[in-house]
Amino acid sequence: MTDQQHAPLAPARHAHILAALGRHGIVRVSQLTEELGVAPVTLRRDLQQLEEEGRLERVHGGAVSASAPSAVVAAAGTGGAIAVLVPSLAYYWPGVIRGMEAEAHRRGLRLVLRGASYELQDERPVLERLVASDDVRGLIVAPNPDAAHAQDVVQWLASSDIPSVFVERDAVVLPGREPVESVTTDHALGAVLAARHLAGLGHERLGLILSRDSPTGRKIVTGWATACEELGLGPEAHFESLFPDRNGPGFTSAVNAAIDTALEKGVTGLLIHSDPEAMAFIDIALNRGLAVPEDLSVVAYDDEVAQLFTPALTAISPPRGGVGAAAVDLLARRLADPSRPVHRVSLSPTLKARESTAPATKA
């Protein structure tokens, strides 16, 4: 007879698991494999059945008592690491990372953080180093979708044995174009909220200004087009402009050109991505003798530092912390159940009305 033939049947295994939980408060699949002499997949099925019966709670690599306090549940996952690769550890992403850290701490997981950049053309070497170290069990990534090797990165992640979740990115796996697991902000909705806010204040001609061609910017454009159609704005009643890098030599002239366009078209309401560009735009407008919000109402996009400006900027505020927490939650659920369907989570931004928007003045 083989060792497997000597293995205890399901009722005996369940009794052993529950007895071990009673003694220690936690069990590990690796520990039970040695004690019972059965395959890990069999034990995972046992744990799933016992969880469905309300007799325990599964955690990564094992289970705890169903009545265990949350601190025990969190501690049960300690030791595993999630690697995170985002374009920056400065603007926008710190809020996302804080959300990741809070959720990871709650689950007893550890984050390994790396900041890439939009200039990095191939993130695979960075990802390979992350996977090869620090007991990494999963990846949360925000790769540059416009890099030369962008699809290669997606394909590498899809073919690897390690689960991954994209954050603030949408991607598909070729050739079937299957979506990958992701958590994103509905930035198109953000643009709609801004346009509706301005229209609700009586602004009949609107402008959109983007700071760069980015994944966020492209979604804002999509939402803006939807909003213009919803509000019945014809081509003469709105305009769109793309700013160069605000640290470059052409930025000031681009802002002045956008102000000229707004004045020529009678535009009185603007959505500007992102906060720093909105602030620079307002400074130059004020230098030209215009008043905000009396002459121009401005909505900023990102709400990273918008409320610190004078006047405090009305802004579209993505749920950065919620995005980070949801990404960790998705990855933890994937680790616990590799067979679960692919989830794509979209979170809604909100509009924070402040001092830079006001009702339109009638001529």
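## Fold, cores and backbone details of a predicted chain

Among contacts between residues at least 6 apart in sequence, 72% join residues at least 24 apart. The model is predicted. The chain holds 12 helices and 17 strands. Its C-alpha trace spans about 90 × 40 × 35 Å along the principal axes.

Of the 363 residues, 47% count as buried. The chain exposes about 16,700 Å². Carbon and sulfur atoms supply 53% of that area. There are 33 positive and 44 negative charges. Their mean positions are 5 Å apart.

The largest nonpolar core has 28 residues. Within this core, Phe 243, Leu 270, Phe 281 and Leu 313 have the most contacts. Four elements each supply at least two of its residues: helix H10 (251-265), strand S13 (269-273), helix H11 (275-287) and strand S14 (297-301). H11 gives the largest share, 7 residues.

Which residues does Phe 281 touch, leaving aside those up to four places away in sequence? The set is Ile 209, Phe 243, Val 255, Ala 258, Ile 259, Leu 270, Ile 272 and Leu 296. Two of these partners, Phe 243 and Leu 270, are themselves listed with the most contacts inside the core.

A second core is separate and has 24 residues. Leu 111, Ile 140, Ala 326 and Ala 332 are among them.

**Helix H7.** This helix covers residues 150-159. Ala 150, Val 153, Val 154 and Leu 157 are its buried residues. Viewed down the axis of H7, the buried residues fall within an arc of 100°, so they line one face of the helix. What packs over them? The cover for the buried residues of H7 includes helix H6 (124-131) and strand S6 (136-141). Strand S7 (164-167) and strand S8 (172-173) also belong to that cover.

| Feature | Residue(s) | Angle |
|---|---|---|
| cis peptide bond | Leu 174 and Pro 175 | omega about 5° |
| cis peptide bond | Val 292 and Pro 293 | omega about 15° |
| positive phi, not glycine | Arg 177 | phi near 60° |
| positive phi, not glycine | Asp 302 | phi near 135° |

Pro 175 sits in the loop between S8 and strand S9 (178-179). Arg 177 is placed in the loop between S8 and S9 as well. Asp 302 is found in the loop between S14 and strand S15 (314-317).

Asp 302 has a relative accessible area of 3%, under the 20% limit, so Asp 302 is buried.

How values were computed:
Residues numbered from 1 in each chain as written. Predicted model: local features only at pLDDT ≥ 70, side-chain atom pairs only at ≥ 80, totals over all residues. Heavy atoms only, no water. Buried < 20%, exposed > 50% of the residue type's maximum accessible area, 1.4 Å probe, protein only. Contact = heavy atoms within 4.5 Å. Areas by Shrake-Rupley, 256 points an atom, 1.4 Å probe, with all protein chains shown as cover. Lys, Arg positive; Asp, Glu negative; His and termini not counted. Charge placed at Lys NZ, Arg CZ, Asp CG, Glu CD. Core = buried A, V, L, I, M, F, W, Y, C linked by side-chain atoms within 4.5 Å. Arc of directions from axis to C-beta.
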